[in-house]
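User: I have a model open and would like to go through it with you. Can we start with charged pairs, and what counts as one?
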Amino acid sequence: MAELLFETYGVPSVAFGVDAAFSYKYNQQRGICQKDGLAICPGFTTTHVIPFVDGEPVNRGCCRTSIGGYHVTDNLKQLLSLKYPHHMARFTWEKIEDLKMEHCYIAPDYALEARLFQKGSKEAEDKTRCWQLPWVPPPIEEPPSEEEIARKAAIKERQGQRLREMAEAKRSSRINELENQLHGLEFLLQQLAQVEEEEISSFLSKTGYVSKQEIESTLTKVSQSLRKAKGESKVEQTENEEKADSSTSDKYPLINVPDNMLTPEQLKEKKRQIFLKTTTEGRQRAKQKRFEEELEREKKTREDEERRLENPELYLEQMRTKYKELYEKVEQRKRLKINGGNANGNSSGGVGRGERLNAAQRERMRLLTTAAFDRGKGEDNFGAKDEDWQLYKLMSKDNDDDDDGADEDEAELARVCSRLQAIDPTFVPKPEPTPSQAATTDVPRVRPLTKEDFQVVLGVERFRCPEILFHPNLVGIDQAGLDEMTGASIRRLASKNEALEDRLTSSIFMTGGCSLFPGINERLEAGIRMLRPCGSPIKVARALDPVLDAWRGASAYAANLQFQQQTFSRVDYYEKGEDWLRRYQ
């Protein structure tokens, strides 16, 4: 320090002193302490005990430990960070310092105070302090009012009306287009009937058609499209299709003729007619199935509408319950299909495929394995018999009953969802989960944060942190506490004068920032009383201002007329060197 002040800044002179001594002198002049006494200064990083005899410090009796207010603040910061890890950003050093000076205190009996908080008594609750962090309550979602529901329903009705008008305009345009195309094809057939047979090919080349059959087929398709666009009933369409099918049944005259009565060319034609007839019948069966499904849906819609009109509230509640059950059923099936047994509580992910296959899938796997095993036994003659081809039907995925059930549930779910959207303006369908979301198991919902989650409760921390001034071993520092340092300082004095020791203990002076903790005087007095003989006078006093009295004492010392005689000048530093400063008493 002297080298820095003299050589770098060029100060003319400098004086050194101890803050505890300055504070002791300042308070001695104001009658707080006597000429003989002990000055205890728990500072920021260290704690000193200095005995004073006749107003002068006795250096051989001084004690020092590496514990102070810094360690108290750091201990409180660590305890709160461990207790509230999600609020660590709030625990700045300045804020922890304020909490320490505002809430911490010295317990008269540390063990008794700890047991008091362990039991959770009423007294412990009264000593507990709460620090409320900034918290903004989340907005409360209120249910929509009747006016809001009516407004949304009106908006939805207007949107539906516009869509219906657009659909009607598009339908009218489509009908006009099909009617013009139909009239054109009919006119083309009339002209074709008047054309001679030799000129038919040249006439068709100008129209873009290859044959008269192609024009008639196009005319039939356009007529069907026109009837569908005009909204003919399903029964009329079915009757028209049956008439068309009955008229086309005359196109297969060779089907019922025995093979021995046909030529090879006629046999080929017969096979072609059988194929065409089978295809036509399959198409008719598919149309009939769709027609029946449409009738069934219309029947369900009528029944639902009747139930809704009887009791709208009960019907709406039933539909919501049904939607919830179907949605959970479909999602459960999807989770089982994706991650197998994980949905049943097995989170290891090691479920074998055989454990999550149903009966139909296991049978299909068995047939595939058997077929592959049989092929390795010599000649591969699979397919030579008609029974072999039945194996493909058994292995087909169409025989999976669970998949059929899944399709039915999804279709019913879609129907219920559309129905709820039509009758309930407040209904919002649940979104379809992504594959990654469906693959994961159900995650418990996170509890919304409340005001209590932003509260920092100071309980045992209030007296546990400053307790390290008396027991430094709580933070891993193997040194003595304040009361033990006082006894050690008295024992270091050479004289065994009991009267002097009594005078020292009757004027114990506390200074420094840590002396502001409530209860520190009483605790120090009780600790020293355990070290001194019975009946020894003990009095502990605190400085008028433990933080600034050291500066005030130094200021008064510098204002003294003899101050210039007690300083080290730059000339002395250059002549005698810095070692001379180390020998200063």
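Analyst: A salt bridge here is a side-chain nitrogen of Lys or Arg within 4 Å of a carboxyl oxygen of Asp or Glu. Note that this is a predicted model.

User: How many salt bridges does a search of the whole structure find?
Analyst: The search finds 29 salt bridges.

User: Which residue does Lys 322 meet in a salt bridge?
Analyst: Lys 322 pairs with Glu 412, at 2.8 Å from N to O. Lys 322 sits in helix H12 (residues 312-339) and Glu 412 in helix H15, 90 residues apart, and the pair links distant parts of the chain.

User: What about Glu 412 and Lys 300, how far is N to O there?
Analyst: The distance is 3.9 Å, and the two side chains form a salt bridge. This pair also connects distant parts of the chain, with Glu 412 in helix H15 (residues 401-423) and Lys 300 in helix H11 (residues 264-310), 112 residues apart.

User: Is Glu 412 buried or exposed?
Analyst: Glu 412 counts as buried because its relative accessibility is 16%, and the cut-off for buried is under 20%.

User: Which residues are linked in the network of salt bridges?
Analyst: Lys 300, Asp 304, Arg 307, Lys 322, Glu 412 and Arg 415 are linked in that network.

User: And Arg 308, which residue does it form a salt bridge with?
Analyst: Arg 308 bonds to Glu 305, with the closest N and O atoms 2.6 Å apart. The two are three residues apart in helix H11, so about one helical turn separates them. Arg 308 is partly exposed at 25% relative accessibility, and Glu 305 is partly exposed with a relative accessible area of 25%.

User: Changing topic to cysteines. How many disulfides does the search find?
Analyst: Zero disulfides turn up in the whole structure. Cys 41 is in none, and the nearest cysteine sulfur, that of Cys 514, is 8.9 Å away. Likewise, Cys 514 is in no disulfide, and its nearest cysteine sulfur is that of Cys 41.

User: Cys 514, buried or exposed?
Analyst: Cys 514 counts as buried at 3% relative accessibility. Cys 41 is buried too, with a relative accessible area of 7%.

User: Now the inside. How many residues has the largest nonpolar core?
Analyst: That core has 42 residues, and Leu 80, Leu 469, Ile 508 and Leu 524 have the most contacts inside it. Elements that give two or more residues to the core include strand S2 (37-42), helix H3 (69-83), helix H4 (93-103), strand S8 (508-510) and helix H20 (520-531).

User: What is Ile 508 in contact with, leaving aside neighbours within four places in sequence?
Analyst: Its contacts are Leu 38, Ile 40, Leu 524, Ile 528, Ile 538, Lys 539, Val 540 and Ala 541.

User: How many residues are in the second, separate core?
Analyst: The second core has 15 residues, among them Leu 182, Leu 204, Leu 219 and Val 222. In soluble globular proteins, nonpolar side chains tend to be buried together.

User: Which residues form the nonpolar patch on the surface?
Analyst: Met 1, Leu 4, Tyr 9 and Phe 16 form it, with about 470 Å² of accessible area together. Phe 16 is in the loop between strand S1 (13-14) and helix H2 (19-28), and is partly exposed with a relative accessible area of 36%.

User: What is phi of Asp 54 near?
Analyst: Phi of Asp 54 is near 55°, a positive value in a residue other than glycine. Asp 54 lies in the loop between strand S3 (47-53) and strand S4 (56-57), and counts as exposed at 60% relative accessibility.

User: Last one, the whole chain. How many helices and strands are there?
Analyst: The protein chain has 23 helices and 10 strands. Buried residues are 31% of its 585 residues. The accessible surface comes to about 38,800 Å², and 52% of that belongs to carbon and sulfur atoms.

Terms used. Residues are numbered from 1 along each chain as its sequence is written. This is a predicted model: local features need pLDDT of at least 70, side-chain atom pairs count only at pLDDT 80 or more; totals for chains, interfaces and linings use all residues. Side-chain values use heavy atoms; hydrogens and water are left out. A disulfide is a pair of cysteine sulfur atoms within 2.5 Å. Buried means under 20% relative accessible area, exposed over 50%, partly exposed in between (1.4 Å probe, protein chains only). A nonpolar core is a set of buried Ala, Val, Leu, Ile, Met, Phe, Trp, Tyr and Cys residues joined through side-chain atoms within 4.5 Å. Helices (H or I, at least four residues) and strands (E, at least two) are DSSP runs, numbered from the N terminus. Contact means heavy atoms within 4.5 Å. Patches are made of residues with over 30% relative accessible area and no salt bridge: like charges are joined within 9 Å, nonpolar side chains (Val, Leu, Ile, Met, Phe, Trp, Tyr) within 5 Å. Accessible areas come from the Shrake-Rupley method with a 1.4 Å probe; for residues, only the protein chains shown count as cover.
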